[in-house]
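This report goes through one protein model part by part. Keep the sequence and the structure in view while reading.

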Amino acid sequence: VDGEAMKRAAASAAADLVESGMLLGLGSGSTAAQFVRVLGERLQAGVLRGVRGVPTSQATAALAARIGIELIDLPASGVDLAIDGMDEVDARLDAVKGLGGAATREKIVAASASRFVLIGDESKVVDELARRTPVPVEVLAFGFERTRSLLIAAGSRPTLRGGAEPFLTDEGNPILDCALQRGVDPAAFAQALDATPGVVGHGLFLGLASAAIIAGAGGVRRL
Ligand code: A5P
């Protein structure tokens, strides 16, 4: 079973949760893109009707529009169901996201959802969160050096994504990929990030997901 097939298997299982008339949060990245494709097929086939989506990135918006999924801005009432990939997930359904650079929008949509479901393959499941993957932190360019020093003081080693030619998010902000120093607790680091004024958003998604659909060589399982 190749990687794309596993992503599609997880995406198909997530599409089974969708009911006609729902407003969906559409995640970003290659696994979420599979979900958008499966959704498009089911709408085309008439299995689902009247489903609309809120895209979490320009890339997802472009894909969904091409496929013919109706897109709207996030309403005050949020979405019914948000489906998104992840870079890491643990047994408590806490996740690291944002290697694709869309974590801020993804979190706004996920936190608005009645249900937020993660999809991915077995390679994303970890025992300990944020050991392998640095935490993506979107920051304002204003006060950059000050913010960076606060992220170091909070227990991380930040690297500017893109280096000399910084990567910019859909919001036009740089990202600091923050490797946690040994012994630093992700929850404590998330709290520090939430209390740092120059931080726009970050990839620690703690206590947000209600399920994770994981595809492996042996089939699909739920966390
Ligand atoms: C995008 O900002 C991320 O949060 C993605 O959800 C994450 O990078 C997963 O992407 P893949 O599905 O491509 O691995």
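How many bridges join strand 6 to strand 12, and do the two run parallel or antiparallel? In this predicted model, strand 6 (residues 95-96) is joined to strand 12 by 2 bridges, and the two strands run antiparallel. A95 stands opposite F205 in strand 12.

Strands of a sheet pair through backbone hydrogen bonds, in either a parallel or an antiparallel way.

The loop between strand 5 and strand 6 contains L93. L93 is not a glycine, yet its phi is positive, about 70°. Most residues other than glycine have a negative phi. L93 counts as buried because its relative accessibility is 11%, and the cut-off for buried is under 20%.

A second open sheet has 7 strands in the order 3-2-1-4-7-13-14, and its pairing is mixed. Strand 3 (70-71) and strand 14 stand at the edges; each has a single partner strand, so one side of each is left without a neighbour in the sheet.

Is strand 13 mostly covered or mostly open? Strand 13 (residues 211-216) is mostly covered, with 6 of its 6 residues buried. In a regular strand the side chains alternate between the two faces of the sheet. In strand 13, A211, I213 and A215 point one way, while A212, I214 and G216 point the other way, and all are buried.

A hairpin of 2 residues joins strand 13 to strand 14. Across the pair, I213 stands opposite R222 in strand 14, and G216 stands opposite G219. G219 belongs to strand 14 (residues 219-222). With a relative accessible area of 32%, G219 is partly exposed. The C-alpha atoms of G219 and V47 are separated by 23 Å, and the two residues are 172 residues apart along the chain.

## Helix 3

Which residues of helix 3 are buried? In helix 3 (residues 58-67) they are T60, L63 and A64. Seen down the helix axis, these buried residues fall within an arc of 95°, so they line one face of helix 3. On the other side of helix 3, A65 and R66 are exposed.

A130 lies in the loop between strand 7 and strand 8 (135-139). Its phi is near 65°, a positive value in a residue other than glycine. A130 is buried, with a relative accessible area of 2%.

## The ligand and its shell

There are 17 residues around the ligand, and S30, T31, D87, K97 and G98 come nearest. The shell is made up of 4 nonpolar, 8 polar and 5 charged residues.

An N or O atom in the side chain of D87 is 2.7 Å from an oxygen atom of the ligand. For K97, a polar side-chain atom also lies 2.7 Å from an oxygen atom of the ligand. The side chain of K124 has an N or O atom 2.7 Å from a ligand oxygen atom. Taken alone, the ligand exposes 380 Å², and the protein buries 90% of that. Helix 2 (30-44) and helix 4 (103-112) are the elements that give two or more residues to the shell.

K97 has a further contact within the protein: its side chain makes a polar contact with the side chain of E106, at 3.0 Å. E106 lies in helix 4. E106 counts as buried because its relative accessibility is 5%.

How values were computed:
Residues numbered from 1 in each chain as written. Predicted model: local features only at pLDDT ≥ 70, side-chain atom pairs only at ≥ 80, totals over all residues. Heavy atoms only, no water. Near = heavy atom within 4 Å. Polar contact = N/O pair within 3.5 Å; in protein donor to acceptor, adjacent residues only side chain to side chain. Areas by Shrake-Rupley, 256 points an atom, 1.4 Å probe, with all protein chains shown as cover. Helix = DSSP H or I, 4+ residues; strand = E, 2+ residues; numbered from the N terminus. Nonpolar A, V, L, I, M, F, W, Y, C, P; charged D, E, K, R; others polar. Buried < 20%, exposed > 50% of the residue type's maximum accessible area, 1.4 Å probe, protein only. Pairing = 2+ DSSP bridges. Arc of directions from axis to C-beta.
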